[in-house]
Amino acid sequence: MIKELIEQNKVFLKDTPEVYFSPGRVNLIGEHIDYHGGNVFPAAIELGIYAFVTKRNDQQFKVKSLQMNDSPIMIQMNDLAYAKKRGWANFISGMMAACLDTIPSHGLNIVFYSNLPSSSGLSSSAALEVLVGVILNQTYALGIPRKQLVQIAQDVENNYIHVKCGIMDQFAVGMGKKDHAIFLNTDTLDYELVPFVLKEYKLMIANTNKSRQLADSKYNERVNECRAALEIIQKDYKDVPYLSALELTDLEAVEHVLKDDLLFRRVRHVVTETKRTNQAVDLLKKGNIKSFGELLNQSHMSLKNDYEVSCHELDVLVDAFLKEGAIGARMTGAGFGGCIVAIVKTSFNVANEQQIQNIYTSKIHLHTDIYQANPSDGTKKINIEELL
């Protein structure tokens, strides 16, 4: 596949390219927590974005996406302000503006190829941001530490793209390790690589294939709702720095202070999901996969009822997997479409997938794509000889 893609784009690239890969991510548990200072538990996955990179003789950057049918886009170093007409390439110009202090001696040709499902909620934007950062960092010997590069990518998403995401997506993409998940404190950025061993089970991803046009706007809405709740809480509890610092025992007092059912349900999700995440990591370390799976079920119900970021399509997929023997299933990502994750027995096979497909198609009239999810290394340069 890689050889064919390079051959098909040799006129654009003009030379043998350097190859980079940036993974998508799946969050096992700890959803909508990373902008509340709590712990999350994501993993990079083997699906992601490839970049084929060659040097130019001028100082321009010419980029092309094989998933888009538009013409190649030329990015000028003296014109890096956000431009709606630039579309997906704003992720590139944003990273360029953040990473490059001066005009480099040469530009780049970059062809991007993604095998991440479209609009799946598997963090294609974070994968692209970190990928561009790593390319710039290595090509121009910028010397930016990886953790700082991850933070730059988040800042671009927040203040250039104007999506108020937390750090989790970029961190998982940039810091992932094969066969491990990342237990990350989103307040301190302390993290632990936890071996992801499911014994007689395996992790699956299923895509609703529903358009996620609401995801960004509703995401920002939830951020603002929780910010409003925190401001009210802090009037009486000034020592509470963020919602994830609250304990389960605080919820009764918080409900009294808020006097608003919607805001209380948002807070309740944050507090209970934080607790579930900590428990999930402990259970996985102990090899208690069944109880780990049950926490995924609880997480989905909280996301559905308290945080209200699920949708009918996600709920139908979760129920279909549970009917086919999954011990745990939940939506993952921002919600309102995208993907679910499920823990199934290793005996789960094509027949089970077809049953899920039949249920989903009959109720939703859409096709679902199902993948096995294997934890991957973070963004990296790949030896082209290994691919060819």
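1. Basis. The model is predicted, with local features requiring pLDDT of at least 70 and side-chain atom pairs counted only at pLDDT 80 or more, while totals for chains, interfaces and linings use all residues. Residues are numbered from 1 along each chain as its sequence is written, and side-chain values use heavy atoms, with hydrogens and water left out.

2. Disulfides. With a disulfide taken as a pair of cysteine sulfur atoms within 2.5 Å, the count is zero. For Cys-99, the closest cysteine sulfur belongs to Cys-165 and lies 15 Å away, which is too far for a bond. Cys-311 likewise is in no disulfide, the sulfur of Cys-339 being the nearest at 11 Å.

3. Burial of these cysteines. Buried denotes under 20% relative accessible area (1.4 Å probe, protein chains only). Cys-99 is buried at 7% relative accessibility, and Cys-311 is buried at 10%.

4. Second largest pocket. A pocket is an open set of points on a 1 Å grid over the protein atoms alone, where a 1.4 Å probe fits, with protein on both sides within 12 Å along at least five of seven lines. The second largest pocket holds about 330 Å³, the volume being the space filled by probe spheres set on the points.

5. Lining. Counting residues with an atom within 4 Å of a point, 18 residues line the second largest pocket, and Asp-34, Tyr-35, His-36, Val-223 and Arg-227 lie nearest its centre. Helices H5 (146–159) and H7 (215–236) each contribute at least two lining residues; H7 gives the largest share, four residues.

Conventions. Buried means under 20% relative accessible area, exposed over 50%, partly exposed in between (1.4 Å probe, protein chains only).
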